Amino acid sequence: MSSFTITRLHAREILDSRGRPTVWAECRLAGGFTAAASVPSGASTGRAEAIELRDGDAQRYRGLGCRRAVENVSVTLHEGLRGRAFASQAELDGELMRLDGTPNCRRLGANAILAVSLAFARACAVQHGVPLYRHFADIAGLRLCTLPRLTVNLFSGGKHAGEQSPLQDILLTPVAAQTTDEALAAVFAVYQAAAELVWKKYGQRLLRADEGGLAPLFPDAESMLADAIEAITAAGHAAGIGVALALDVASSHFFHEGCYHLGRETLDSAAMIARIDDWVTCYPLVSVEDGLSEEDWAHWPALRARLAGRTLTLGDDFLCTQPARIERAIATRAADALLLKVNQVGTLTGAAQAAALARAAGWKITVSARSGETEDNWLADLAVGWGADFIKVGSITQSERLAKYNRLLVIEAETDLPLCPLAVSSR
Ligand code: PGA
Ligand code: ZN
């Protein structure tokens, strides 16, 4: 069995797609095998997420600097790990968590820890001479079978668009597409049609939200969904047959004092479930993410029961890629799909455990980027290597998003793998 000896860890503060600092790290292994990786950062974050370490110096990047996290890699982790051999990713990640000493990476920072976890994985792939997606599959003990289906941001609201519309993301899923290449072409057509619609209906030019989605002042949640259908049709696709939708309600962010404040309406949990049920009846939705708040455990099972077999009940902030929360959700039948964001848990191994739990329960998996991204493209390899059903990267504008789609095109050409079969009928 091969082992991987770390000879140098080194980090740097770089900027993400919102111009905020984040962490880039490089790992060198004995033999000179060297690779680097950068970590993303969310804005619509869950409370149970691992903690990013920020400098807190209000005079510099409004406190968001990552110099301490960088130092934790280049000094603390470098000194703690230099010269040490690891047999596996799990062994390295276990040691990272031990050196941090907190359950949520608070001391060294999830940004520092994940940067090392990813850079190490890439360096190991280089040492083995295999593509990163294959190495990710090996880490998880999986065979490469399929490519993830795209869920691409069309309209944005919530925390990614100044909170002027309640729903965070209306996403496109090209269900008839046979390849990533075809899927992207379909998304492009709908995006252009939507841009024209936004101009005609709302008099707004192409202003984009954090993930590149269009963000006019929609009067209500329903019009975001209805306008998406109109754009699909205008682009010459059959809604639900050619191109379907996915929805991220991100409802934790409008849940206050036990009620959902959806635009001008105030709904209790039962009314919110009924509203989501209506949306699923009226619109071809393949998944509904965070339909209820991250703390509304009591009502998630009813939501899942209502949606089962019609659309996926997908947990993002609700689960935070945390194995303990996923186990509880499986036991209470509170969801049937996991949104997987590696930096919510801090290491590749933690995320692999989360994915394995979800898969063993028969759940579907969406591998997701963050709203603050970098030009790094490891997410595409991860989604392929771990056999994700869907990938969620944002819109098809902005290079930090395109880096992942373009990598998927390369992987598709290299492997000739088919797209994942569709989980739930979208009609
Ligand atoms: P983020 O959220 O801003 O925390 O990355 C994206 C999402 O809710 O899916
Ligand atoms: Zn979300």
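Phe4, Phe86 and Phe120 form one aromatic cluster. This is a predicted model, in which local features need pLDDT of at least 70 and side-chain atom pairs count only at pLDDT 80 or more, while totals for chains, interfaces and linings use all residues. Residues are numbered from 1 along each chain as its sequence is written, chains are lettered from A and ligands numbered from 1 in the order in which they are written, and side-chain values use heavy atoms, with hydrogens and water left out.

The structure holds 9 aromatic pairs. Rings of Phe, Tyr and Trp (its six-membered ring) pair if their centres lie within 6.5 Å; planes under 30 degrees apart count as stacked, over 60 as edge-to-face and the rest as tilted. Phe86 and Phe120 make an edge-to-face pair, 6.2 Å centre to centre with 85° between the planes. Phe86 lies in strand 4 (residues 85–86) and Phe120 in helix 3 (residues 110–128), so this pair ties together parts that are 34 residues apart in sequence. Helices (H or I, at least four residues) and strands (E, at least two) are DSSP runs, numbered from the N terminus. Phe86 and Phe120 are buried. Buried means under 20% relative accessible area, exposed over 50%, partly exposed in between (1.4 Å probe, protein chains only).

Phe136 and Trp386 are also edge-to-face, at 6.4 Å centre to centre and 70° between the planes. Phe136 belongs to helix 4 (residues 132–140), and Trp386 to the loop between helix 12 (378–385) and strand 15 (390–394), 250 residues apart. Both residues, Phe136 and Trp386, are buried.

Next, the metal. The zinc ion (ligand 2) has Asp248 (OD), Glu289 (OE) and Asp316 (OD) as protein donors, 2.1 to 2.2 Å from it. Donors are N, O and S atoms within 2.8 Å of the metal (3.2 Å for Na, K and Ca); water is not among the atoms, so sites may look incomplete. Along the chain, the zinc donors follow the spacing D-x40-E-x26-D. Asp248 lies in strand 7 (residues 244–248) and Asp316 in the loop between strand 12 (312–315) and helix 9 (323–331), so the pair ties together parts that are 68 residues apart in sequence. Asp248 and Asp316 are buried.

Now turn to helix 8 (residues 300–307). Its buried residues are Trp300, Leu303, Arg304 and Leu307. Seen down the axis of helix 8, they fall within an arc of 95° (taken from the directions from the helix axis to the C-beta atoms), so they line one face of the helix. Just after helix 8, Gly309 takes a positive phi of about 85°.
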